[in-house]
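Please read this briefing beside the sequence and the 3D view. The points are grouped by topic.

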Amino acid sequence: MTLDEHQASSPFVSERTFSRRRSAIDVVAPYLAVPGVERLIEFLRVAFDAQLTFRSKTGTHFEVRIGDSMLMAGQHFASDLITMASYLVTGGAGFIGSHLAEELVRRGHRVRVVDSLITGKRRNLDHISGVEFLEGDLAETNVAARAVEGMDYVLHQAAIPSVPRSVKDPITSNRANIDASLNILVAARDAGVRRLVYAGSSSVYGDTPTLPKREDMPPNPLSPYALQKLVAEQYCQMFTRLYGFETVTIRYFNVFGPRQDPGSPYSGVISLFSTALLEGRQPTIYGDGAQTRDFTYVANVVDGVLRASEAPDAAGEVINVACGTRISLNDLLRVMNGIVGTNIQAIYEKERAGDVRDSQADITKARTLLGYQPIVSLEEGLKHTLDWCRAEAAATAGR
Ligand SMILES: NC(=O)c1ccc[n+]([C@@H]2O[C@H](COP(=O)([O-])OP(=O)(O)OC[C@H]3O[C@@H](n4cnc5c(N)ncnc54)[C@H](O)[C@@H]3O)[C@@H](O)[C@H]2O)c1
């Protein structure tokens, strides 16, 4: 039921009710049965730390004022109330998390980010206004409990997302990828969060020969990272089965885009190729370059994750989100050379332990359950990414 419908049918709400100035809670009390209102009231009170007055101009026209300042007004106030929600983005100072936070703010939601900054950067959020930032390590239970307070949804992105790093130091990555995930699941369940969407990984498929990868194929993790991502997604499914706590795992396939950190040897290959080509250097390819990946521009992943937070039939599911295509690293380098206007060859080095040979998603399930389809092509995404890298390089040079 919408707020307007509720108003029409409610004996408690009338022009008279609103003509008198009251405290927020008094006036909206009749609305508390309407989904969304309670959250909005709480949000306004916390965000503005103010006494709120609600009043009505006509039967359907609402205003929200703080003192003499207008905060919201209009016919659509009711639907605004109902669609607004609070989201916790764990790992929100990282690459994908910061894009999720940005899109949520753009859609008018309340956003909190929790991040230990182990790989993320505070400045990834600088251009987004209104995000609440909490610095902390989710492997600490008290950090997880504080982070989920008052949240409707959790988008769990926090992890140390690197195969080579997990091979080198499995204990540190286990703590970030499993302990922290279990903590956030427990905290979110206990805090009455509606749904947690978990950032799963295509690495769980390992080197099984069948392509494209379907969610019901048996997993075959080849690295501590892949195993940890699998354990955490199975924890998610178990929390849905055992406690009725709604979770959805979205398995990402080689995500790329602006803000992916090219500064570490563990960075995604596209960010490494981008900086190398723009600096006129030869990029390194581990192996013969014929290995293939389903590279996915970050906006596609954001769209899939946000759909998963609300899709009615997605609870307890594991769903691939990617483009459903694949390209070899050699071809990728050729396409990127074409965009930049260079012809730089790769340096080939020995294959890395734990890397899979081929990867491509079957995205039928995402199409069916989430209504998902890729919205940005590989080439378009590469252009955005290269533009961003150029701008970053110029900004760094100017500092
Ligand atoms: N980028 C990809 O291609 C890809 C592919 C598959 C899965 N994923 C998954 O997507 C998620 C986001 O990856 P990303 O590429 O944005 O990486 P990222 O390193 O940019 O972001 C991860 C964020 O998590 C934070 N973090 C790590 N451990 C934490 C902890 N214990 N407590 C709080 N914060 C912590 C980091 O500081 C960082 O900001 C990860 O879960 C990753 O496993 C990414």
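Helices (H or I, at least four residues) and strands (E, at least two) are DSSP runs, numbered from the N terminus. On that basis, proline 212 lies in the loop between β8 and α10. The model is a predicted one, in which local features need pLDDT of at least 70, side-chain atom pairs count only at pLDDT 80 or more, and totals for chains, interfaces and linings use all residues. Residues are numbered from 1 along each chain as its sequence is written.

**Overall picture**

- The protein has 15 helices and 16 strands.
- Of its 399 residues, 44% are buried; a residue is buried if 20 or more other C-beta atoms lie within 10 Å of its own, exposed if 12 or fewer, and partly exposed in between, with C-beta atoms placed from the backbone.
- Two residues are in contact if their C-beta atoms, placed from the backbone, lie within 7 Å. Among contacts between residues at least 6 apart in sequence, 75% join residues at least 24 apart.

**Confidence**

- The average pLDDT (the predictor's confidence in each residue, from 0 to 100) is 85 for the protein, and 78% of the residues score at least 70.
- Residues 55-61 have a pLDDT below 50, and this stretch has 14 contacts in the model beyond near neighbours in sequence.
- Residues 73-82 also have a pLDDT below 50, with 21 contacts in the model beyond near neighbours in sequence.
- Where pLDDT is low, the predicted coordinates should not be read in detail.

**Helix α6**

- Helix α6 covers residues 95-106, and its twelve residues should span 16 Å at 1.5 Å a residue; the end C-alpha atoms are 17 Å apart, which agrees. The expected span of a helix is 1.5 Å times one less than its number of residues.
- Nine of the twelve residues of α6 are buried, so the helix is mostly covered.
- The buried residues of α6 are Phe95, Ile96, Gly97, Ser98, His99, Leu100, Ala101, Glu102 and Leu104.
- Those buried residues pack against several elements, including β4 (86-90), β5 (110-115), β7 (153-156) and α12 (298-310).

**Surroundings of the ligand**

- Of the 30 residues around the ligand, Gly91, Gly94, Gly120, Ala159 and Pro161 come nearest; a residue is near a molecule or strand if its C-beta atom, placed from the backbone, lies within 6 Å of it.
- At least two residues of the shell come from each of α6, β5, α9 (170-190) and β8.
- Helix α6 gives the largest share of the shell, three residues.
- The shell holds 17 nonpolar, ten polar and three charged residues. Ala, Val, Leu, Ile, Met, Phe, Trp, Tyr, Cys and Pro count as nonpolar, Asp, Glu, Lys and Arg as charged, and the others, Gly among them, as polar.

**The loop between β8 and α10**

- Serine 202 is placed in the loop between β8 and α10 (224-243).
- Serine 202 counts as buried because 24 other C-beta atoms lie within 10 Å.
- Beyond its neighbours within four places in sequence, serine 202 is in contact with Lys213, Arg251, Tyr252, Phe253, Ser359 and Ala361.
- The C-alpha atoms of serine 202 and proline 219 are separated by 9.6 Å, and the two residues are 17 residues apart along the chain.
- Leucine 211 and proline 212 are joined by a cis peptide bond, with omega about -10 degrees.

**Helix α10 and strand β14**

- The 20 residues of α10 should span 28 Å at 1.5 Å a residue, and the end C-alpha atoms are 27 Å apart, which agrees.
- The buried residues of α10 pack against α8 (163-168), α9, β8, β9 (246-252) and β14 (318-321).
- β9 and β14 pair in the parallel sense over four bridges; two strands pair if DSSP finds at least two bridges between them.
- Isoleucine 250 has isoleucine 319 as its bridge partner in β14.
- From β14, Val318 and Asn320 point one way and Ile319 and Val321 the other way, and all are buried.

- Asparagine 254, in the loop between β9 and β10, has a positive phi of about 40 degrees although it is not a glycine.
- Asparagine 254 is buried, with 21 other C-beta atoms within 10 Å.
- Arginine 259 is not a glycine either, and has a positive phi of about 75 degrees.
- Arginine 259 is buried, with 22 other C-beta atoms within 10 Å.
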